[in-house]
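The sequence and structure come first.

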Amino acid sequence: MKIAEVKTYILETTLSEPFHWAIGEAVKRGSCVVEVITDDRVSGWGECFGPARPAAAMVEAYKPWLIGADPLATDKIWQDLYGAFRDQGQKGVPICAISGIDIALWDLKGKHFNAPIHQLMGGPIRTEVAAYATGTYRKRSGDPLDYIVKEVLGYQAEGFTACKIKVGFQVDEDAALVAAVRHAVGPQFGLMMDANHGYDAIDAIRLAQAVEHLNIIWFEEPVPPEDLDGYLAVKASTSIPMAGGECEYTRFGFREILKAGAIDYLQPDTCAAGGLSECKKIADMANAFGVRMIPHVWGTGIGLSASLNLMAVLPHNPPGRRPWEPMLEFDRSEHPARQAIMKTPIEHVNGIVQIPTGPGLGIEIDRQALATFCVN
Ligand code: CA
């Protein structure tokens, strides 16, 4: 079996209502989907996180190392691709492109052996995961104290037991919002907050100290991803654990975070940090450092399924009668292509999501739906 063809699909849709976070706004939603096709006409699907057009261009650039290669040799291919542009491509879009390719290769491997990816990666350790809702983005008008509190109450009514609140705008405003949400949902509901690196350490510390009494599970990306000293300063100032890693790449990048002891909840994105091959290595490294891992998830059902397959094999740390379990980041913001490109959507029931059990990613792509979102 050889790789015969590699295709990219740039998906793009205009949102019914733009939404923003601390450092940016989404008017459209896009993604780069990768299809790797073997010489016996079997397709594997992957997805790249980040800007779709540059990711697709990078996938194109990796093609000479892919065409004719054995698709089952996932680690060898990963090393070939990383080595191809190592000198200029250790982080960012080149690694997002490798991620999409690697996920597609794992999907192929699963189809070849008629087994779910998580089985081939040594699991499953778990067959379902509790999900937390990601949402609470800001609208261009309206009072966040009103519409965000209502949004979170909606997640609670749906059966979610935890939700992440977007912060990073202005300290007093953020503190008032977190307090209003906590007041509305009661003391038991899980709350995280995510600044999307919109703060420096001074303001991040002010917010952490202002909401510390509200039982916050983690403070995500309080400061820019390169500022590990900033993470350490915020961490030293509060009992709220630090989360981050969606902007970090490969075992080499995560090694530095782990060595510094900067982050308590490590959040590599399967579609960005190097794919399933690399995220399993990062997970095992986090385990060795005693750090919890909860993958970052953002994108279509392909990324969602890849994350679920990874989550199925995240090691307990430590094992026990009631070990700590990772939660799935379940993005609830508008993304018309997310579920539509799969023949069977991945949904939650009372905040619980089943890990797919079909061969490979365990999903079937609806090519017609894919074509309706495709702009290349
Ligand atoms: Ca985030």
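## Domain layout

The model is predicted. The domain assignment divides the protein into domain 1, made of residues 3-114 + 368-373, and domain 2, residues 119-365. Taken over C-alpha atoms, the centres of domain 1 and domain 2 are separated by 22 Å.

## Extent of the interface

Domain 1 puts 45 residues in contact with 52 residues of domain 2.

The size of an interface is often given as the accessible area lost when the parts come together. Between domain 1 and domain 2 the buried area is about 4,000 Å². Carbon and sulfur atoms give 65% of this area.

## Salt bridges and polar contacts

Five salt bridges are found across the interface of domain 1 and domain 2. A salt bridge also joins R140 to E25, with 2.8 Å between the closest N and O atoms.

Polar contact across the interface of domain 1 and domain 2 involves 19 residue pairs, both residues being at pLDDT 80 or more.

## The domain 1 side

The elements that give two or more residues to the side of domain 1 touching domain 2 are the strands β1 (3-21), β2 (24-38) and β3 (43-48), together with the helices α2 (74-84), α3 (93-113) and α13 (367-373). Helix α3 supplies the largest share of that side, 12 residues.

By class, the side of domain 1 that touches domain 2 consists of 23 nonpolar, 11 polar and 11 charged residues.

Definitions and conventions
Residues are numbered from 1 along each chain as its sequence is written. This is a predicted model: local features need pLDDT of at least 70, side-chain atom pairs count only at pLDDT 80 or more; totals for chains, interfaces and linings use all residues. Side-chain values use heavy atoms; hydrogens and water are left out. Domain bounds come from an automatic or database domain assignment. Contact means heavy atoms within 4.5 Å. Buried area is the accessible area (1.4 Å probe) that two parts lose on being put together, summed over both. A salt bridge is a side-chain nitrogen of Lys or Arg within 4 Å of a carboxyl oxygen of Asp or Glu. A polar contact is a pair of N or O atoms within 3.5 Å; within protein, one must be able to donate a hydrogen and the other to accept it, and residues adjacent in sequence count only if both atoms are side-chain atoms. Helices (H or I, at least four residues) and strands (E, at least two) are DSSP runs, numbered from the N terminus. Ala, Val, Leu, Ile, Met, Phe, Trp, Tyr, Cys and Pro count as nonpolar, Asp, Glu, Lys and Arg as charged, and the others, Gly among them, as polar.
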